[in-house]
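Trainee: I have a model to read and would like to learn how its features are described. Please take me through them one at a time.

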Amino acid sequence: MWGHAETSGFRTGMDLTGFRVEARDGHIGKVDKHSEEVDASCIVVDTGVWIFGKHVLLPAGTIVAVHADERTITVNRTKEEIKNAPEFDKEKHTADPVYHEQVGTYYRGVPRNF
């Protein structure tokens, strides 16, 4: 869940900040931050006005494709699934393993068919 799939096209050291994020059913936002931490790789997506400026943490395992030339990331979740995800908590993100487990549990419970 917290690591990039080898088939995603992500390369170590790649800066994903600003990349457009596409859910299974359309555009969801842009990458505000990303992390390559071992067992904690993720992106933080700014959903903009779509769901009133919510920031959502997406584990790297939700990324199915990184298109560097187009600066686009495709994730295997719908907009509704992302909308209902736990909101990104910048205070807990790096310091609270329970928060990571909560986010991981949410995404593991959502079907991953693409």
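Trainee: Which backbone oxygen lies 2.8 Å from a polar atom of the side chain of T47?

Mentor: A polar contact is a pair of N or O atoms within 3.5 Å; within protein, one must be able to donate a hydrogen and the other to accept it, and residues adjacent in sequence count only if both atoms are side-chain atoms. Here the backbone oxygen belongs to K54. The model is predicted, so local features need pLDDT of at least 70 and side-chain atom pairs count only at pLDDT 80 or more, while totals for chains, interfaces and linings use all residues. Residues are numbered from 1 along each chain as its sequence is written, and side-chain values use heavy atoms, with hydrogens and water left out.

Trainee: Is T47 buried or exposed?

Mentor: Buried means under 20% relative accessible area, exposed over 50%, and partly exposed in between (1.4 Å probe, protein chains only). T47 has 4% relative accessibility, so T47 counts as buried. Leaving aside residues up to four places away in sequence, T47 touches I28, G29, G53, K54 and V56; contact means heavy atoms within 4.5 Å.

Trainee: Where is T47 found?

Mentor: Strands (E, at least two residues) and helices (H or I, at least four) are DSSP runs, numbered from the N terminus. T47 is in the loop between strand 3 and strand 4. Two strands pair if DSSP finds at least two bridges between them; strand 3 (residues 42-46) and strand 4 run antiparallel and are joined by 5 bridges. V45 stands opposite V56 of strand 4.

Trainee: What is the order of the strands in the open sheet?

Mentor: The 6 strands have the order 4-3-2-1-6-5, with mixed pairing. Strand 4 (55-59) and strand 5 (63-67) each have a single partner strand, so one side of each is left without a neighbour in the sheet.

Trainee: What is noted about the phi of D39?

Mentor: Most residues other than glycine have a negative phi. D39 is not a glycine, yet its phi is positive, about 60°. D39 lies in the loop between strand 2 (26-35) and strand 3, and at 65% relative accessibility D39 counts as exposed. R71 also is not a glycine and has a positive phi, of about 55°. R71 sits in the loop between strand 5 and strand 6 (72-75) and, at 40% relative accessibility, counts as partly exposed.
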